[in-house]
Structure formats: structure tokens, C-alpha cells
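Subject: Structure for your review

Dear colleague,

Please find below the structure that I am handing over to you. My findings follow it, and I would be grateful if you could read them with the coordinates open.

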Amino acid sequence: MSRFANQIFPKKIIKMFWFILRKMHLISLDAPLVVVAWKNIISYDFRQVIHVPESLILGASTWLAYSADRHFEKCEIYQIKTSRHSIGRSHPYRFYCIWAAIFVITIVFSFIVLHANTLKVGGILFVLVIINFLICQLQKFSQVGSFVKNIRTAAILVFSCFFWELENLKFEEGLVSGILLFFVFLHNCQILRGLELKYSSTHRRCSRYSGKDKANRLLILGQVLIILILAIWSFLNTNKIYPLVPLFILCSVFILRKAISQESRFRVMLDFFYWAIPSLILIVVY
């Protein structure tokens, strides 16, 4: 893939592209961009409107939860320590000050621009995020524990995208859309989990890790089949554009697996496609 890119774009542009993506990954901007992109494409489908204040609040809230989880996550369990885990720990006081400032600004801004009903539902979501964070810090991680954590994370992200549209959703359509998006997010979590297992099995040469890797691959395959079925059904039975996005993402992930072997670059590009593809489709149709 790098050779193909070098033939089309100048090396300076490619280096700048990777530099920007790595910095965004380093400061945990991937998850907020993913959630905001999907939230906007859902808002456009169900309301034909995109609200910037809602996107700002959702993006900031997601970053607060995501960065805090990365800061306190117990990386030593898999003996994996990435740069985005260590940046907050290398500068703890700066991290705490920035985190607290963004938290206060987000709370104040939310009370200014959001309606009372939205704040009530948002309060429930806030409690769920806090509970999930505490569970992640207290539980003993294992293969089952990691999968359950991924399920909780995917479910909270889906709720974060859809709770803005609760008044505009029909039950059946909203249920199918929510399940589809749940498996899209879960697919991302399981792929990253597979990278961790691959790293561990390579460096620790333990048979039980290879067994977990096979189980993780089966889970990913099952998720792909479910995503394909739900996306095709939704596309054929609705006039929405969101079912197209998972199909493009699955194709992109397949290409990434064949084109990029370096774990760090694959991780960065995976998150990039998860927010860039829905954003691009939204720009085209908006």
C-alpha cells in the first residue's frame, strides 16, 4: 500500500498524512471522531439536520471517557504499552488539568445549549459511562472479561449516537439500526483485541494465546456475517444511507489486512477509516 501511495502522492504529503494521523491517535482523538461521524450520519438520516453543538458535546464527552480509560487502563496484563497509554502518564498534571478543564467546559456548554429532556437522557448515559469505567478498573481481565468489556463499550457508543434521535425513531427501524451499529463498533474492538493477542503470542510464545486468537477470529467472522446481513436488509428496506457505510468499512478493513502488516500503522488506519468513510459519505450526500 505504501508503494502504491508513493506512486500517486509526493513523499512529503504522505509523511505529513502519517504525522497528523499518529498525533491524533496519540492524544486519543480517534474515538471522538468515530462517534461524531456516525452520530452526524444518523442525524442526517432521521432529521435531515446536523447540529454542531451536539457534535461538539458528544465528541468532548467521548474524549473524556476514552482518555481517562486509557490513562488508568492496566496495560501490564498483556505486557503491551502503546504511546497513547503512556502520554498521560508521562505528563500526569498536564493531563489532569486539561481533562478537568474540558470536563467543566462540556458540562457548562451542555446546560446552555441542550434541552431538558436531552440532559435527562444524557445524565443516564453519563452514569452508564462511569459504571463501565469503574467495572473496567476493578474487574480481573481475561478473554471473557475483555469480550464483555468490548460489548459494554460498543453498546455505550451506540447509545451515544442514537439517544439524540429517540423522538424521531420508529421502533423497528431504530432497533435494526442500533444492532447494526453495535456490531460495527464491536467489530472494531475485536480487531484491536486480535492485534493484542497476535502481539502477545508472538512475543510470549504461549499456546493458550494462539487458542484465544482463533476464538477471536471466529468472533470477528461472525460479526462480519451479521453486519453484512443487517446492512443489506436495511439498505433494501429503508431509504437511509447509513447501511452503506458498514459495507465500505468492511471492504476497507479487508484491504488493510492485505496491505499493511505493521501493527501500529494498521491500528491508526483502522480508526481513520471508521470516521473518515462515514464523514466522506455524509459530505457527498449532504
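Which residues make the nonpolar surface patch of about 640 Å²? In this predicted model, the patch is formed by Phe126, Val127, Ile130, Ile131, Leu134, Ile135 and Leu138. Phe126 belongs to helix α7, which covers residues 116-138. This residue counts as partly exposed because its relative accessibility is 42%, a value that falls between the limits of 20% for buried and 50% for exposed.

Leaving aside residues up to four places away in sequence, Leu181 touches Trp38, Ile42, Val158, Cys161 and Phe162. As general background, nonpolar side chains in soluble globular proteins tend to be buried together.

A polar residue also deserves mention. Asn150 is located in helix α8. With a relative accessible area of 9%, Asn150 is under the 20% limit and therefore counts as buried. The side chain of Asn150 is joined to that of Gln190 by a polar contact of 2.8 Å.

Yours sincerely

Definitions and conventions. Residues numbered from 1 in each chain as written. Predicted model: local features only at pLDDT ≥ 70, side-chain atom pairs only at ≥ 80, totals over all residues. Heavy atoms only, no water. Contact = heavy atoms within 4.5 Å. Patch = residues over 30% accessible without salt bridge, like charges linked within 9 Å, V, L, I, M, F, W, Y side chains within 5 Å. Areas by Shrake-Rupley, 256 points an atom, 1.4 Å probe, with all protein chains shown as cover. Salt bridge = Lys/Arg side-chain N within 4 Å of Asp/Glu carboxyl O. Helix = DSSP H or I, 4+ residues; strand = E, 2+ residues; numbered from the N terminus. Buried < 20%, exposed > 50% of the residue type's maximum accessible area, 1.4 Å probe, protein only. Polar contact = N/O pair within 3.5 Å; in protein donor to acceptor, adjacent residues only side chain to side chain.
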